[in-house]
Amino acid sequence: MGGLCGGGQTRWGLDRPLRPPDPDWASYTLGVFICLSCSGIHRNIPQVSKVKSVRLDTWEEAQVEFMASHGNNAARATYESKVPSFYYRPTASDCQLLREQWIRAKYERQEFTRPEKQEPYSAGYREGFLWKRGRDNGQFLSRKFVLTEREGALKYFNRNDAKEPKAVMKIEHLNATFQPAKIGHPHGLQVTYLKDNSTRNIFVYHEDGKEMVDWFNALRAARFHYLQVAFPGASDADLVPKLSRNYLKEGYMEKTGPKQTEGFRKRWFTMDDRRLMYFKDPLDAFARGEVFIGSKESGYTVLDGLPPSTQGHHWPHGITIVTPERKFLLACETESEQRAWVEAFRKVVDRPMLPQEYAVEAHFKHKP
């Protein structure tokens, strides 16, 4: 037979919750339609999934009938029947590691049909070794990590026999996000937490992709159970978006100091919810400074360009952030970068502040 043409089935269903533009591939052993990106992952598990092009490959009658009698909705009902609420479901924009491990967990390991296989990230306790980047020398060294929901903390130890941890990261203020490009490893994870109400970064990876994604989901599980206690009336749908977050935007900009008389300096900026942080290097452990960006109702605005008298910037595309206390002057290398930053800032400014964010704002105002 020729190419497969849908056969009345929903053709756009996918291994990821986000619909792709046009899935022209199918796994004829699982009975699901997939996008080009997922097809490459499926080819790596041939013992489970065999892939054909919907349009270009030849299909046998039995294969067409199998696709017609199965489809993505049926596969989801089977292979995703017991996905924990906290487990991260990747989207098309997520890194390769998350997408690959989702597909492997679902079809190869069948973790979401057999809950006993979920123990590595749902037990409430996890320990193991991760490669951690040294704060001062930039070298990655093996460090023991312990996650304990009972203590509400992630800890790491500088020596295997150390009695006391080098750092204790409270689950309450912890975030994890995959950053393969920034860290320089396909399994690179950035973990942030608050230390003395300032943001601290650590960068880790594990050579085994499953191990790294299990750590990520174990952290999400710990956050989920912490929030269930902290907000007993909240639904799972309310809590799940709060388990981990990607940064709104990152990249280089130039900035000047509070007097706006010194020269502009190139810094790496990270927009994490309402905290705009800047670093000398993207992999610095601590920010050189943090700016709280509130809402327009509280006197925050974002303007294109810089005041006419501004001097000393090398990059031509300016942004002015106005806060109740002062103006922050920034400059971008390209107009497209400026537009992207302004859009990110305005999304934050246009969003009304939550009660707990006023407390964060007050702390920023009283920072020495």
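Reader: Does F86 count as buried or exposed, and at what relative accessibility?

Author: This is a predicted model, and every value discussed here is computed from it. Burial is judged by relative accessibility, and a residue under 20% is called buried. F86 has a relative accessibility of 6%, so F86 counts as buried.

Reader: How is a pair of aromatic rings described?

Author: Two quantities are used, the distance of the centres and the angle of the planes. The structure holds 19 aromatic pairs. In one of them, the rings of Y79 and Y107 have centres 4.9 Å apart and planes at 70 degrees; since planes over 60 degrees apart count as edge-to-face, the pair is therefore edge-to-face.

Reader: Which parts of the chain does the pair of Y79 and Y107 tie together?

Author: Y79 belongs to helix α3 (residues 72–79) and Y107 to helix α4 (residues 96–108), so the pair ties together parts that are 28 residues apart in sequence. Y79 counts as buried at 19% relative accessibility, and Y107 counts as buried at 2%.

Reader: With which residue does F86 form an aromatic pair?

Author: The partner is Y121; the pair is edge-to-face, with 6.3 Å from centre to centre and 75 degrees between the planes. F86 lies in the loop between α3 and α4, while Y121 lies in helix α5 (residues 119–122), so parts that are 35 residues apart in sequence are tied together. Y121 is buried, with a relative accessible area of 2%. Ring pairs also link residues into a cluster, made up of F86, Y87, W102, F112, Y121 and F224.

Reader: Over which rings do K52 and K266 lie?

Author: The charged end of K52 sits over the ring of Y28, 5.3 Å from its centre. K266 lies over the face of Y252, at 4.5 Å from the ring centre.

Reader: How many residues does the largest nonpolar core have?

Author: A nonpolar core is a set of buried residues joined through their side chains. The largest one has 52 residues, and F145, L154, M169 and F178 have the most contacts inside it. Helix α7 (residues 209–230) supplies the largest share of this core, 10 residues. A second, separate core has 22 residues, including I321, L330, C332 and V342. C332 counts as buried, at 0% relative accessibility.

Reader: How many disulfides does the structure hold?

Author: The number is 0. C35 is in no disulfide, and the nearest cysteine sulfur, that of C38, is 3.9 Å away. C35 counts as buried, at 8% relative accessibility.

Technical notes:
Residues numbered from 1 in each chain as written. Predicted model: local features only at pLDDT ≥ 70, side-chain atom pairs only at ≥ 80, totals over all residues. Heavy atoms only, no water. Core = buried A, V, L, I, M, F, W, Y, C linked by side-chain atoms within 4.5 Å. Buried < 20%, exposed > 50% of the residue type's maximum accessible area, 1.4 Å probe, protein only. Helix = DSSP H or I, 4+ residues; strand = E, 2+ residues; numbered from the N terminus. Disulfide = S-S within 2.5 Å. Phe/Tyr/Trp six-rings, centres within 6.5 Å; stacked < 30°, edge-to-face > 60°. Lys NZ or Arg CZ within 6 Å of the ring centre and 35° of its normal.
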